[in-house]
Amino acid sequence: MLCDDLHCHQAQLQRVLDRGWSFIFVCKPSSHETLYDYLNLAEVQTLSYRHWNGRFHERHDYRFAEQLPL
């Protein structure tokens, strides 16, 4: 399940966990300050790849952290 900041709260996350689904929730630092405090201490991983779109190469960069307390 993919959710933006509007749905990134405990009740929604609990429904997803109860069903055993995989998820990516996006949240803003201004609305989830404690989570971002943990993120500043976490090991942030990066993933980058290039993709040919038929006209030119596009570069996609991702930053993520796992096992953060929810």
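Predicted model: local features only at pLDDT ≥ 70, side-chain atom pairs only at ≥ 80, totals over all residues.
Local features were taken only where pLDDT is at least 70 and side-chain atom pairs only at pLDDT 80 or more, whereas totals for chains, interfaces and linings use all residues. Residues are numbered from 1 along each chain as its sequence is written, and side-chain values rest on heavy atoms, with hydrogens and water left out.

Helices (DSSP runs of H or I, at least four residues) and strands (runs of E, at least two) are numbered from the N terminus. Burial is expressed as relative accessible area, with buried meaning under 20%, exposed over 50% and partly exposed in between (1.4 Å probe, protein chains only).

His32 is placed in the loop between β2 and α2 (33-41) and counts as buried, with a relative accessibility of 19%. Its side chain is joined to that of Ser31 by a polar contact of 2.9 Å; such a contact is a pair of N or O atoms within 3.5 Å, where within protein one atom must be able to donate a hydrogen and the other to accept it, and where residues adjacent in sequence count only if both atoms are side-chain atoms.

The side chain of Gln12 makes a polar contact of 2.7 Å with the side chain of Arg15, and, with residues up to four places away in sequence left out, Gln12 touches Met1, Cys3, His7 and Phe25.

In strand β4, Glu58 is partly exposed, at 28% relative accessible area. Its contacts, again without residues up to four places away in sequence, are Tyr49, Arg50, His51 and Asn53, and a polar contact of 3.2 Å joins the side chains of Glu58 and Asn53.

Side chains of opposite charge can pair when their charged atoms come close. The structure holds one salt bridge, the term denoting a side-chain nitrogen of Lys or Arg within 4 Å of a carboxyl oxygen of Asp or Glu. This salt bridge is formed by the side chains of Asp61 and Arg59, at 3.0 Å from N to O. Asp61 is partly exposed, at 48%, while Arg59 counts as exposed, at 60% relative accessibility.

On the surface, Met1, Leu17, Trp21, Phe23 and Leu70 form a nonpolar patch with about 490 Å² of accessible area together. Patches comprise residues with over 30% relative accessible area and no salt bridge, like charges being joined within 9 Å and nonpolar side chains (Val, Leu, Ile, Met, Phe, Trp, Tyr) within 5 Å; accessible areas come from the Shrake-Rupley method with a 1.4 Å probe, and for residues only the protein chains shown count as cover.

Concerning the backbone, Gln67 has a positive phi of about 65° although it is not a glycine. Most residues other than glycine have a negative phi. Gln67 is found in the segment after β4 (57-64) and counts as exposed, with 79% relative accessibility.

Methods: Contact = heavy atoms within 4.5 Å.
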